[in-house]
Amino acid sequence: MTLEELLHEIKGLEEKELESYKKLLKKLKDPEYADLRNFLLKLTIDETLHKHISEALEKAYQEVEELVREYTPEEEVELGTAVLFPGVPTIILPREVNAIGTKIPTDEILEEYFGEFPGEPIVPAELMEEIREKLREYIKNKEALIMNYEKLSEKAKHPVLKGIAKDIKNNKEQHKKMLEKLLEHYKS
């Protein structure tokens with residue numbers, strides 16, 4: 001079973017589970033069912049979150065595949081040597097950087113990674129300045145996102161949302177660190 005098929009199956013199962021809970025909840029309106037209804041309501045709320053997360057994962061996977069096909073030369077796509085998003089070939093990064101929720105890569109790892117980039121930019125100076133400006137903008141945006149995901153992880157009551165917010169915040173911190181190193185590498 002491919003990852004895409006697995007995500008689709010998960011989404012379908014989550015949808016069925018949610019509908020089943022809702023159907024049973026409709027039958028438990030009388031006061032004597034309050035304890036059971038409250039328990040099932042908790043499960044239904046969780047299942048609602050799970051359903052939407054599984055839908056988002058399936059949609060994100062499809063979009064990532066499209067991006068890889070559009071922006072990766074065919075010979076590299078066929079290699080499929082590295083994975084940032086499970087099942088999707090992409091650039092090779094150190095293993096410590098590969099997963100959402102992992103620690104921020106060390107300077108040594110990033111130095112090694114960016115050491116493989118061309119020392120002298122091979123793009124025209126005016127385009128390189130635009131790239132540098134975009135990198136600065138991306139770093140600023142990452143800082144705002146990191147702060148907001150931190151707040152979300154503190155305010156979220158549901159453990160799934162709290163965990164997702166923390167993992168995304170960690171991922172944003174990785175991105176920020178990588179963008180800073182790239183900007184430093186391409187400083188004029």
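These legends describe close-up views of one predicted model.

**View 1**
Along the sequence, the pattern runs α-α-α-β-β-α-α-α. The protein chain has 188 residues, and 27% of them are buried. Take the contacts in the chain with a separation of 6 or more: 62% of these come from residues 24 or more positions apart.

**View 1. Helices H1 and H2 pack against each other.**
H1 covers residues 3-27, and H2 covers residues 34-71. Two packed helices are described by the angle between their axes and the distance between the axes. Here the angle is about 155°, and the axes of H1 and H2 lie 8 Å apart. The two helices are therefore roughly antiparallel, since an angle over 145 degrees counts as such. H1 passes H2 in a left-handed crossing. Their contact is made of 12 nonpolar, six polar and 12 charged residues.

**View 2. Helix H1 carries six buried positions: Leu7, Lys11, Glu14, Leu18, Tyr21 and Leu25.**
H2 is included in what covers these buried residues of H1. An α-helix has 3.6 residues a turn, so residues three or four places apart point the same way. H1 itself has 25 residues. From first C-alpha to last, H1 reaches 37 Å, close to the 36 Å expected at 1.5 Å a residue.

Tyr21 counts as buried because its relative accessibility is 16%, and buried means under 20%. Setting aside neighbours within four places in sequence, Tyr21 is in contact with Leu40, Leu43, Thr44 and Glu47. Leu40 is 19 residues from Tyr21 in sequence. In space, the C-alpha atoms of Tyr21 and Leu40 are 6.8 Å apart. Leu40, Thr44 and Glu47 are also among the buried residues of H2.

**View 3. Helix H2 spans 55 Å from its first C-alpha to its last.**
That reach is close to the 56 Å expected at 1.5 Å a residue. H2 has 38 residues. Its buried residues include charged side chains such as Asp46, Lys51, Glu58 and Glu65. Others buried in H2 include Ser54, Tyr61 and Val68.

**View 4. Helices H5 and H6 form another packed pair.**
H5 covers residues 125-155, and H6 covers residues 159-185. Their angle is about 160°, with the axes 8 Å apart. That makes H5 roughly antiparallel to H6. H5 passes H6 in a left-handed crossing. The residues of this contact divide into 12 nonpolar, two polar and 13 charged.

**View 5. Helix H6 reaches 39 Å from its first C-alpha to its last.**
H6 has 27 residues, and its reach is close to the 39 Å expected at 1.5 Å a residue. Leu179, Leu182 and Leu183 are among its buried residues. The buried residues of H6 also include Ala165, Asn171, Gln174 and Met178. Four lysines are buried in H6 too: Lys169, Lys172, Lys176 and Lys181.

**View 6. Arg132 sits in helix H5.**
Arg132 is buried, because its relative accessible area is 9% and the cut-off is under 20%. Lys187 lies 55 residues from Arg132 along the chain. The C-alpha atoms of Arg132 and Lys187 are separated by 7.6 Å.

Definitions and conventions: Residues are numbered from 1 along each chain as its sequence is written. This is a predicted model: local features need pLDDT of at least 70, side-chain atom pairs count only at pLDDT 80 or more; totals for chains, interfaces and linings use all residues. Side-chain values use heavy atoms; hydrogens and water are left out. Axes are lines fitted to C-alpha atoms, for helices over the stretch in contact, and angles run from 0 to 180 degrees between N-to-C directions. Angles under 35 degrees count as roughly parallel, over 145 as roughly antiparallel, 65 to 115 as roughly perpendicular and the rest as oblique. A crossing is left-handed if the near helix is turned anticlockwise from the far one by less than a right angle, and right-handed if clockwise. The expected span of a helix is 1.5 Å times one less than its number of residues. Buried means under 20% relative accessible area, exposed over 50%, partly exposed in between (1.4 Å probe, protein chains only). Contact means heavy atoms within 4.5 Å.
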